[in-house]
Amino acid sequence: FGLVGPGMLTIGADSHTCTYGAVNGFSTGVGSTDLGMAMATGKAWFKVPEAIEVKLFGKKPADITGKDVILTLIGMIGVDGALYKSLEFTGEGVHELTMTDRLTIANMAIEAGGKNGIFPYDDITEAYVKGRVKKPYEPVAADADAKYCQTVEIDLSKLTPVVAFPHLPGNTKPVAAIKEPIKIDQVVIGSCTNGRLEDLEIAANIFKGHEVHPDVRCIVIPGSQAIYKEAMHRGYIDTFIDAHCVVSCPTCGPCLGGYMGIMTAGERCVSTTNRNFRGRMGDVTSEVYLAGPQT
């Protein structure tokens, strides 16, 4: 806890380091060599990115999560729509988003090609970092005359749950528009994108009184040990196990085709992870559908 705070510049050897933009800091992923040099010298080289303003407005429906917001955005601008640009989220709609929503949205800025994603500092940010960040920090805000290379507007009130079909995060379709049944073999709930307590709570509430279909594997991956522990105390883990889910330790696991849930030829997975490129989760003929925990 407390390593990253508002106004800080953070780099890490994982493209999803951009997640920390949710707490009002600049954060981005770099290569292992760049990170090694930064650790050795305390310095890193950056080109200042242009900024795309993502203006959010309207009231967020109860069945919409941050995953639907970011998948909708990527569907609008494409996986290269923000190439080496900063995605800056603005507007009164920002206050509709929980910290979980913001972490998920910032996490997938890279899937739009972005250098980073960043949220403003407000009372929701302040409540989240209070007691977590021990070192001094200074929130940042865009200048009043800030210039953007592009402005994208999203009316939260009009959003519906979406799914990104294979093999691109930008290949989004509303769930309601899927008319033909798609047989699936696996579901993954969790990871660095949707493994927070709120995500697990959404899934656990849906699983109560239900069981996973005997032909489907369901793997639940909490985002951290702290989340795993709290989910256990709240009874979510019992709910998952009673529903015949497999609960994993916090890990990247199947998301990057590492282990635990690797798919074989022709299998299909609905996943709350962040990428669905061909072969991402196993055999090159397998398919990954990206969605939020409620979907």
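The side chains of Thr 273 and Ser 271 are joined by a polar contact of 2.6 Å, where a polar contact is a pair of N or O atoms within 3.5 Å, of which, within protein, one must be able to donate a hydrogen and the other to accept it, and residues adjacent in sequence count only if both atoms are side-chain atoms. This is a predicted model, in which local features need pLDDT of at least 70 and side-chain atom pairs count only at pLDDT 80 or more, while totals for chains, interfaces and linings use all residues. Residues are numbered from 1 along each chain as its sequence is written, and side-chain values use heavy atoms, with hydrogens and water left out.

Thr 273 is found in the loop between strand 12 (268-271) and strand 13 (287-290); helices (H or I, at least four residues) and strands (E, at least two) are DSSP runs, numbered from the N terminus. With a relative accessible area of 1%, Thr 273 is buried, a word that stands for under 20% relative accessible area, as against exposed for over 50% and partly exposed in between (1.4 Å probe, protein chains only). Leaving aside residues up to four places away in sequence, Thr 273 touches Lys 67, Val 188, Ser 191, Thr 193, Cys 255, Met 281 and Leu 290, contact meaning heavy atoms within 4.5 Å.

Helix 3 (residues 99-107) is largely enclosed by the rest of the structure, because nine of its nine residues are buried. Some of the elements that cover the buried residues of helix 3 are listed here.

| Covering element | Residues |
|---|---|
| Helix 2 | 66-77 |
| Strand 4 | 85-90 |
| Helix 4 | 123-129 |
| Helix 6 | 197-207 |

Helix 2 packs against helix 3 at an angle of about 30°, with their axes 8 Å apart; axes are lines fitted to C-alpha atoms, for helices over the stretch in contact, and angles run from 0 to 180 degrees between N-to-C directions. That makes helix 2 roughly parallel to helix 3, a description given to angles under 35 degrees. In this packing, Gly 66, Lys 67, Val 69 and Ile 70 of helix 2 meet Asp 101, Thr 104 and Ile 105 of helix 3. Helix 2 also lies across strand 3, strand 4 and strand 6, running at about 135° to strand 6.

An open sheet is formed by four strands in the order 5-4-3-6, with parallel pairing, and two strands pair if DSSP finds at least two bridges between them. Strand 5 and strand 6 (150-155) are the edge strands, each pairing on one side only. Strand 3 (residues 50-57) and strand 4 run parallel and are joined by six bridges, and Ile 52 stands opposite Leu 87 in strand 4.

Notes: Angles under 35 degrees count as roughly parallel, over 145 as roughly antiparallel, 65 to 115 as roughly perpendicular and the rest as oblique.
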